[in-house]
Amino acid sequence: MFEIKAKDGLGRTGILKTEHGIVRTPALMPVIHPGKQTIDVKGSGAEMVITNAYIIYRNPELKEKALKDGVHRLIDFNGPIMTDSGSFQLSEYGDIEVENHEIIRFQDEIGTDIGTSLDIPTPPGVSHRRALEEVEVTLERARESIEYRERMMLNAVVQGSTHPDLRSYCASRLAELPVELHPIGAVVPLMESYRYRELVDAVLSSVSELPPSRPRHLMGAGHPMLFALAVSMGCDLFDSAAYILYAEDDRLLSTEGTYKLENLQEMPCSCSVCTDYTPSELMGMDREDRRNLIAEHNLHVSFAEIRKVRQAIHDGSLMELVEERCRAHPRLLEGYRRMSEYVDLIEKFEPRSKRSAFFYTGPESLGRVEVQRHLKKVREGLGEKIALVAPSRRPYSSSLPDRLEGFRSLRPMEGGDWSVVVVDLPFGLIPLELDQVYPLAQSDAPGIMDLDGEEFLRGLVLDLIDLGAVIDEKLCSELGIELPHIYTGEVETTVEDLDRVRMVADYQFGRGAGELLFTDDVRIERSRNTGKIRHIYAGDELICTMRASDGLLVLGAEGAVRLHQGTTYPAFRVVVNEESEPFARRGKSVFAKFIIDCDNNIRANDEVLIVNADDELLATGKALLCAGEMMDLNHGQAVKTRKGGF
């Protein structure tokens, strides 16, 4: 059973329930070699481990003990255990002495929590024909595994080599099977050779077809510099023997890369190993003692990074962490840049608002979902008469003069009412009416613009100038734009409250929502403390509250009724079954398993209408999941209900 607790793009924190306990995801599973383990991984933070069922199966002594006492006693770990089926040995040696049904039964018999079918780990670079043939074998074995497992949860591995279409095909077929988890296999060679661009293709082409309700396991990913990027692609579980393998070679892991002990003058972190020993003291130790201490360090930094990633998801700052980590290596940065090709996929899972601000850390930030989503929305809402101005202090609508003059244009312009749009990084085009709304107000960029950012803004401005926009002299100078005509009339920058709330509604709910929610006779109240718009009423009935934290609208009872009556099914709707209906009416939260339909455009943190199968309004609330997750998950909250009783 898997439940999503927090989201940031494709990244999510969750709870995976197993027979031997709960695992918080994202999670790292250290590899335990049966019969040889000397490191206390649980003491280092491991909630789940992975071991190799094939090694146990092939060793008579280990096999007898595992069948008698169970795998948990065999490796002395009482938490959840995942077992591999021998695919690693198959990839290394080309053949193994066990059949798929035999290893599935064996994993079940020794009490593993999560077993794995015997997939074919097709290496990178093979022909499309060979990869397809081996995918078909992997699929057939996954189907067969269902017949032979009795109690354990089951992994079904996505294969397809470096052919994204085969990865998607394999994932889509596995998604139809009644299994619980999906490893993404045969990617270790890509990571070992720093082919992160191809890794991104392999992972995202797989994730695009996998059900959100099943954890994804990136097999063999154990280096902490990779965790943030992998989680941002939707991976939940990681396994690796890197902590001990690197230690055997006197190498220390870090989020910035790998250190060779012999080259260190100072220890690289503040774990107990690094504070208690110097590099020279470790070098002088017995080899086994040194290996164990370095392995302890490697586990420390790995689990510390997993915790940092989980916190970043909770805070809504995962992508800032990804951008920081991916600057540790040029090939890692190349992989991150490749993710911009999948912006449409990521957008489906990206929350509308977050706890943290959007930081522009380089040109890669311009490819993020928040920027592309904003530009699409704002272009749809711009009128014909647009005045583009250089940024001032934030909020722009308060710091700009009431009137501006000195605009240039491509052709002579007439006077009249102009929509003032500030041109600034990272979001490019910011209408004054939206300058207090997330993510536009909750963002920051360096005051000194880089060349990529300047070119980004110049492209946006030139497109609008072609459509008739005027641009102020300061912005012309900053972007190096020369135009033949000057508009000498004045442009007013004053923003009326009604215009502001209507544009915010259009931005949040779609074009037309502003006039639907806010008629000319509404009453707008401001906060006594901040002076910002706080409540909008129709008479004494609350339509909306403008949330102070992000400037977005929270529906009141009257607002929910107006939005429901003025839109057609299924817009903004989450539909619950008869069992859940009375609870929703009483204002209780909606759980995913009771949802029978919803608007496909719903994203996490959206304001939604909770209705029954007859489209009767029951309540209003905030979505905690996106539409695809609501329809797929069977556990956990999907909507936090704000008000029921309609």
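A polar contact is taken as a pair of N or O atoms within 3.5 Å; within protein, one must be able to donate a hydrogen and the other to accept it, and residues adjacent in sequence count only if both atoms are side-chain atoms. By this criterion, 2 residue pairs (both at pLDDT 80 or more) are in polar contact between domain 1 and domain 3. The structure is a predicted model, in which local features need pLDDT of at least 70 and side-chain atom pairs count only at pLDDT 80 or more, whereas totals for chains, interfaces and linings use all residues. Residues are numbered from 1 along each chain as its sequence is written, and side-chain values use heavy atoms, with hydrogens and water left out.

The protein chain is assigned domain 1 (2–241 + 321–346), domain 2 (363–492) and domain 3 (523–644), the bounds coming from an automatic or database domain assignment. Between the C-alpha centres of domain 1 and domain 3 the separation is 37 Å. Contact (heavy atoms within 4.5 Å) involves 7 residues of domain 1 and 10 residues of domain 3. About 690 Å² is buried between domain 1 and domain 3, with carbon and sulfur atoms giving 64%; buried area here is the accessible area (1.4 Å probe) that two parts lose on being put together, summed over both. On the domain 1 side, Ile4, Lys7 and Pro212 lose the most area to domain 3, together accounting for 57% of what that side buries. The two domains are also joined by 1 salt bridge, defined as a side-chain nitrogen of Lys or Arg within 4 Å of a carboxyl oxygen of Asp or Glu. Lysine 7 pairs in a salt bridge with glutamate 629, with 3.0 Å between the closest N and O atoms.

In total, the structure holds 44 salt bridges. One of them joins aspartate 108 to arginine 151, with closest N and O atoms 3.1 Å apart. Aspartate 108 belongs to helix 5 (residues 100–109) and arginine 151 to the loop between helix 6 and strand 8 (153–155), so the pair ties together parts 43 residues apart in sequence. Helices (H or I, at least four residues) and strands (E, at least two) are DSSP runs numbered from the N terminus. Aspartate 108 is buried at 9% relative accessibility, while arginine 151 is partly exposed at 35%; buried means under 20% relative accessible area, exposed over 50%, and partly exposed in between (1.4 Å probe, protein chains only).

A further salt bridge connects arginine 368 and glutamate 320 at 2.9 Å, N to O. This pair links distant parts of the chain, 48 residues apart: arginine 368 lies in the loop between strand 14 (358–359) and helix 18 (369–381), and glutamate 320 in helix 15 (residues 318–325). Arginine 368 is buried at 5% relative accessibility, and glutamate 320 is buried at 11%. Arginine 337 forms a salt bridge with glutamate 364, the closest N and O atoms lying 2.6 Å apart.

The UniProt record (unreviewed entry) lists Asp119 and Ala186 under "binding site". Although spread over 68 residues of sequence, these positions cluster in space, with a largest C-alpha distance of 9.9 Å. UniProt positions follow the numbering used here, feature names are shortened, and annotations may be inferred rather than shown by experiment. Aspartate 119 occupies the loop between strand 7 (114–116) and helix 6 (128–148) and is buried, with a relative accessible area of 1%. Alanine 186 is placed in the loop between strand 9 (182–184) and helix 8 (188–192). Not counting residues up to four places away in sequence, alanine 186 touches Pro121, Thr122, Pro124, Gln159 and Arg167.
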